[in-house]
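Here are my notes on this one, jotted down as I went through it. Have a look at the model alongside them.

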Amino acid sequence: MTIPGRPALLLASAAVLAALCGCTVQPMDPDGKRGLPARAPVAAGRDPGPGRPAAGAGPARPAAITPRVLWSRGDSGPAVRELQARLRQVGWLAAGPTGSYGRLTEGAVRGFQGRRGLPRTGATDAVTWQRLVAMTRPPSARELYPAAGRPAAAADPRCLTGRVICIDKTSRTLRWMVDGRTLSTMAVRFGAQYTPTREGVFHIYWKSRHHVSTLYNAPMPYAMFFSGGQAVHYSYDFAARGYAGGSHGCVNVRDETAIAALFAQVRVGDKVVVSW
């Protein structure tokens, strides 16, 4: 006896079982035999399978690779200073290197990029940097710091005995001396016109490794105070802008490694001589 609807029920059950097992339902052909797995018709430009181009689609094109950005507006540091010095070499930047990537640097990079058929982004990417390096030479110290301090002059006679931080405003240098022998020398920057660095003989009365100015809310790492609020300390601004700026009376050092070593050697009570 035939139970109405039973074949349909069996077929539906088989379909559910196949789906649960991850198989493909194979439809019956007119003779009651199972054929190949059913597939939906594919339009022109259809997917021919993995590893082969679609019909009429042409060869596959690799995706464009965006060059990595090395420096852009707002960045600062020695690498930016070198970029600026190299831009000056090819006539794209008139101002001296400051170490800060600002509007002028961005405009110079954009002009350099446009002249060479590169995207005019104003940001220095790897391709722009490679082109610039190929056209220029490594900048000299004078090119990197066009207003840098001159070679240290002869030490002030007051520096020749004892442990002394000997500071010369004329040559813009600081010597660390012990019993007349110079142990290290570094470039320094002084106070601006209305906040000059005091001259005379002083002594270190306080050291503060991670000092922050309460008056100007500015970091003063490796601060060694010698006269009121004036100290010898590392300056991020001096490292970035060079002699384009000035302090509020302190003696700024831009070489962090050098002043870290100096800070470790100087003791409270050591003499400080500031002279022209």
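1. Burial first. Of the chain's 276 residues, 34% count as buried. Bear in mind that this is a predicted model, so treat everything below as a reading of that prediction.

2. On the overall make-up, I get seven helices and eleven strands in the chain. As for how far contacts reach along the sequence, take those between residues at least 6 apart: 50% of them join residues at least 24 apart.

3. Now the main core. The largest nonpolar core has 24 residues, and the ones with the most contacts inside it are Ile165, Ile167, Leu174, Met224, Phe226, Val232 and Val272. The largest share, four residues, comes from α7. As a general point, nonpolar side chains in soluble globular proteins tend to be buried together.

4. Phe226 deserves a click. Setting aside neighbours within four places in sequence, Phe226 is in contact with Thr197, Phe202, His203, Ile204, Tyr205, Ala231, Val232, Val251, Val272 and Val274. Two of those partners, Val232 and Val272, are also on the list of residues with the most contacts inside the core.

5. There is another core, apart from the largest one, with eleven residues. Leu93, Tyr101, Phe112 and Leu132 are among them.

6. Next, the α2/α3 pair. Helix α2 (residues 78-89) packs against helix α3 (residues 103-115) at an angle of about 55°, with the axes 11 Å apart. That angle makes α2 oblique to α3, and the crossing is left-handed. On the α2 side the contact uses Leu83, Gln84 and Leu87; on the α3 side, Thr105, Ala108, Val109 and Phe112. By class that gives five nonpolar residues, two polar and no charged ones.

7. Then α3 with α4. The axes of α3 and helix α4 (residues 126-135) come within 11 Å and cross at roughly 85°, so the two helices are roughly perpendicular to each other. Here Val109, Phe112 and Gln113 of α3 meet Thr128, Arg131, Leu132 and Met135 of α4. This contact divides into four nonpolar residues, two polar and one charged.

Methods: Residues are numbered from 1 along each chain as its sequence is written. This is a predicted model: local features need pLDDT of at least 70, side-chain atom pairs count only at pLDDT 80 or more; totals for chains, interfaces and linings use all residues. Side-chain values use heavy atoms; hydrogens and water are left out. Axes are lines fitted to C-alpha atoms, for helices over the stretch in contact, and angles run from 0 to 180 degrees between N-to-C directions. Angles under 35 degrees count as roughly parallel, over 145 as roughly antiparallel, 65 to 115 as roughly perpendicular and the rest as oblique. A crossing is left-handed if the near helix is turned anticlockwise from the far one by less than a right angle, and right-handed if clockwise. Contact means heavy atoms within 4.5 Å. Ala, Val, Leu, Ile, Met, Phe, Trp, Tyr, Cys and Pro count as nonpolar, Asp, Glu, Lys and Arg as charged, and the others, Gly among them, as polar. A nonpolar core is a set of buried Ala, Val, Leu, Ile, Met, Phe, Trp, Tyr and Cys residues joined through side-chain atoms within 4.5 Å. Buried means under 20% relative accessible area, exposed over 50%, partly exposed in between (1.4 Å probe, protein chains only).
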